[in-house]
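I record what I looked up, entry by entry.

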Amino acid sequence: MMHIKYDIVTEDNIDFLEELCNKLMTFQADHATIRPDILASMDFNNRLKIDYENSTRKHMVVAFDKEMPVGFAFATIGLVTEKNKQVRPPWAEQLEGIGFYPETYKVPKTIGTFKLLYVDANYRTHHIGDRLTRMIMKWLNSHNDVEDLWVYVANGNETVGKFYEKHGFLYNHSVFNGFIDAYRLQKG
Ligand SMILES: CC(C)(COP(=O)(O)OP(=O)(O)OC[C@H]1O[C@@H](n2cnc3c(N)ncnc32)[C@H](O)[C@@H]1OP(=O)(O)O)[C@@H](O)C(=O)NCCC(=O)NCCS
């Protein structure tokens, strides 16, 4: 019988998640049909570590089998303004189409973003992903100023949209002409 422990991570150093995070990045690149090279250029250092260090409002939950991390989920809360609504990350410079928010998106708005979710392949189908997601959603829903929740699914991994739908998200729009699917959960 598998015994999994769930921890909320508060320490500054999350290097212990490097291997697991890189497995997620590899998974996404391996499944993509649109610009897999862009997804292949992402790793722990240029995605999760930077985001974690630069975010003041963040939540990281990790599933452990004894001392070994076998799954994690990460979310942030931030403000979308007129200025940063149109901002494209450096990796999206060659991509076209609507960005992370629809052009008609009313801002300023405080939003929660469910950034990353991964369960090691050997540990899937045991409801670890579900538990991590419920912990993330509890945190995101505990802030009264958060008006909208977003989660993004890389191309090639569209089936996972069903997983997020179970947690209340609805498909909203295609980001960068199909490179990513955006799901949204409107609060209130
Ligand atoms: C998606 C992921 C985190 C799910 O973790 P998991 O621990 O295997 O999932 P659970 O056992 O908690 O599954 C909960 C439910 O979601 C469903 N589900 C799980 N993964 C799914 C997927 N990829 N697509 C559709 N449904 C899925 C399960 O069938 C289960 O349904 P049930 O409650 O009716 O039995 C895991 O498969 C994973 O890490 N995949 C690769 C990376 C990935 O896709 N991450 C998300 C990137 S946006």
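Contacts along the chain. I counted two residues as in contact when their C-beta atoms, placed from the backbone, lie within 7 Å. Among contacts between residues at least 6 apart in sequence, 70% join residues at least 24 apart.

Source and numbering. I note that this is a predicted model: local features need pLDDT of at least 70, side-chain atom pairs count only at pLDDT 80 or more, and totals for chains, interfaces and linings use all residues. Residues are numbered from 1 along each chain as its sequence is written.

Overall form. I took helices (H or I, at least four residues) and strands (E, at least two) as DSSP runs, numbered from the N terminus. The protein chain has six helices and seven strands, in the order β-α-α-α-β-β-α-β-α-β-α-β-β. The C-alpha atoms fill a box of roughly 50 × 40 × 30 Å along the principal axes. I then compared the radius of gyration, taken over C-alpha atoms, with the globule rule of 2.2 Å times the number of residues to the power 0.38. For 188 residues a compact globule would have a value near 16 Å, and the protein chain has 16 Å, which agrees.

I called a residue buried if 20 or more other C-beta atoms, placed from the backbone, lie within 10 Å of its own, exposed if 12 or fewer, and partly exposed in between. Buried residues make up 31% of the 188 residues. A nonpolar core is here a set of buried Ala, Val, Leu, Ile, Met, Phe, Trp, Tyr and Cys residues joined through C-beta atoms within 7 Å. The largest such core has 47 residues, and Val61, Phe72, Ala73, Leu132 and Ile136 have the most contacts inside it. I looked up Leu132: leaving aside neighbours within four places in sequence, Leu132 is in contact with Val61, Ala63, Gly71, Ala73 and Leu117.

Helix H3. In H3 (residues 45-54), I found Arg47, Leu48 and Tyr52 buried. Seen down the axis of H3, the directions from the axis to their C-beta atoms fall within an arc of 90 degrees, so these buried residues line one face of the helix. They pack against H1, strand S2 (58-65), strand S3 (68-80) and S4. The face turned away from the buried side carries the exposed residues Asn45, Ile50, Glu53 and Asn54.

Ligand shell. Of the 18 residues around the ligand, Val119, Arg124, Ile128, Gly129 and Asp130 come nearest. Helix H1 (18-31), strand S4 (109-119), helix H5 (128-141) and helix H6 (160-166) each supply at least two residues of the shell.

Backbone exceptions. Most residues other than glycine have a negative phi, and most peptide bonds are trans. Which peptide bond did I find to be cis? The bond from Val107 to Pro108 is cis, with omega near 5 degrees, and Pro108 lies in the loop between H4 and S4. Phi of Arg35 is positive, near 45 degrees; Arg35 is in the loop between H1 and helix H2 (36-40) and is partly exposed, with 18 other C-beta atoms within 10 Å. Phi of His127 is also positive, near 70 degrees. His127 sits in the loop between S4 and H5 and counts as exposed, with 12 C-beta neighbours inside 10 Å.

Key. A residue is near a molecule or strand if its C-beta atom, placed from the backbone, lies within 6 Å of it.
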